[in-house]
Amino acid sequence: MILLKNVRPYDKSADVQDILICGRDIIEIAPNIDVPERLIEQTIDGGGLVAAPGYIDQHVHITGGGGEGGFSNQVPPLKLSQLVDAGVTTVVGLLGTDGTTRSVANLVAKTKAFNEEGWTAYCLTGSYWYPTHTLTGSVIDDITFIQEIIGVKVAISDHRGSGITKDELTRLGHAARMGGMLSGKAGIVHLHTGSGEEELRKIIDIVKISDLPVSVFRPTHLSRHMDQAVEFASLGGYIDFTAGTNPSYVAGILNTAFSRAPKDRVTLSSDGNGSLPMWNENKELIGITAGRVSADHDVICAMVNEFGYKYSDAIRVLTENSAKALKLYPYKGLLAAGSCADILLLSDTLAIDTVIANGKLFKLHGKSMYTPKFE
């Protein structure tokens, strides 16, 4: 057992509470929890720090992204320390542009590696391309039989994609839903949405005329597609925005989304370790950088400091909303008895002070509490 003393759940104005952790789970949140000392492995005095659920990032290139400018432009694989420092305790890995030199097999192996180290990691089969790159030869089988795989990814409205048709996208949606139903998982089609003029029209049309529920389709990178994102959310869909490189700008985008769409349908992800290519008007590559998982928290801080959101309201895009979208709620995305002990402690300035994942202490008052492999 671990006992967290004197923390303020969700907000610095909240009453001081204790949180008792047993194994992977929170078993009690209450003032002045009294447990026999012989049962407690460690007591941590939070000193009035804010306690929050660990972040859930549903779009991270854990094996590295990139490659649009050749082999030397491939982004290296993600390190566990990057997730710890970012406060992302649940991660969903995926492939990007490159499903040729990067494979679903490699992605699943990296996902398993994070889980072995005590983290919570899932992944998506597929990449930008259609027909879909898979591990077993079938999207349904990948989702059904590979524990870590919870859905499939494909690109729409992007010159790097395969030009997937509406009929092909519909069939992919049916495959993801079937795999999800058979395995009890989310069974989603995660959609990289490029800057093309087509935007979200295909999936909006599919949702309106097919038997597929809107929950199957999860478009992301929607900052440039606000009107259609709002229309999709009005149909009951989740709309995901990317943290990017400018926290203030993305915080403003989320502020707009909150004012126009249901707040419980808005999520945020980082595109961490994915390539951020820059193109000219002829679709020629003129520069490339990589996304940061830590950008998630930067956006949350901007929402609080620049747009006046309470921290507890701002983090919903990385906690409760994301957990519900991935069928992980209420075990993930919540501070409550019976929920997973994924806990962040934050200072008054919202610096991430302490990180607990699955009941295991990874960072304490800014100091690493684990030995990362090969870092």
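How much space lies in the largest pocket? Here are my notes, with the reminder that this is a predicted model.

1. **The largest pocket.** The answer is about 800 Å³. Its lining takes in 37 residues, and if you want to find the middle on screen, look for His221, Arg224, Asp271, Leu276 and Pro277, which lie nearest the centre.

2. **What the lining is made of.** Polar residues number 22 in the lining of the largest pocket, next to eight nonpolar and seven charged ones. Strand S14 (275–279) gives the largest share, five residues. Strand S10 (188–193) and helix H7 (247–260) are also on the list of elements that each supply at least two lining residues.

3. **The second largest pocket.** This one comes out at about 340 Å³. It is lined by 17 residues, with Asn115, Thr120, Ala121, Tyr122 and Gln147 the closest to its centre. Strand S8 (residues 120–126) makes the largest contribution here, three residues. By class, the lining of the second largest pocket splits into seven nonpolar, six polar and four charged residues.

4. **Gln58.** Have a look at glutamine 58, which sits in strand S6 (residues 55–60). Is Gln58 buried or exposed? Its relative accessible area is 3%, and because the cut-off for buried is under 20%, Gln58 counts as buried. Its side chain has polar partners, though: there is a polar contact with the side chain of Asp240 at 3.5 Å, and another with the side chain of Thr267 at 3.2 Å.

5. **Who else touches Gln58?** Setting aside neighbours within four places in sequence, Gln58 is in contact with Val92, Leu94, His190, Ser269, Ser322 and Leu326, as well as the Asp240 and Thr267 already mentioned.

6. **The largest nonpolar core.** Which members of this core touch the most others? They are Trp119, Leu169, Val189 and Phe217, out of 83 residues. Phe217 is a handy one to click on: beyond its neighbours within four places in sequence, Phe217 is in contact with Leu169, Gly173, Val189, Leu191, Ile203, Ile206, Val207, Leu212 and Phe232.

Methods
Residues numbered from 1 in each chain as written. Predicted model: local features only at pLDDT ≥ 70, side-chain atom pairs only at ≥ 80, totals over all residues. Heavy atoms only, no water. Core = buried A, V, L, I, M, F, W, Y, C linked by side-chain atoms within 4.5 Å. Buried < 20%, exposed > 50% of the residue type's maximum accessible area, 1.4 Å probe, protein only. Contact = heavy atoms within 4.5 Å. Helix = DSSP H or I, 4+ residues; strand = E, 2+ residues; numbered from the N terminus. Polar contact = N/O pair within 3.5 Å; in protein donor to acceptor, adjacent residues only side chain to side chain. 1 Å grid on protein atoms, 1.4 Å probe; cavity = no way out; pocket = protein on both sides within 12 Å on 5 of 7 lines; lining within 4 Å. Points joined across faces, edges and corners; volume = space filled by probe spheres on them. Nonpolar A, V, L, I, M, F, W, Y, C, P; charged D, E, K, R; others polar.
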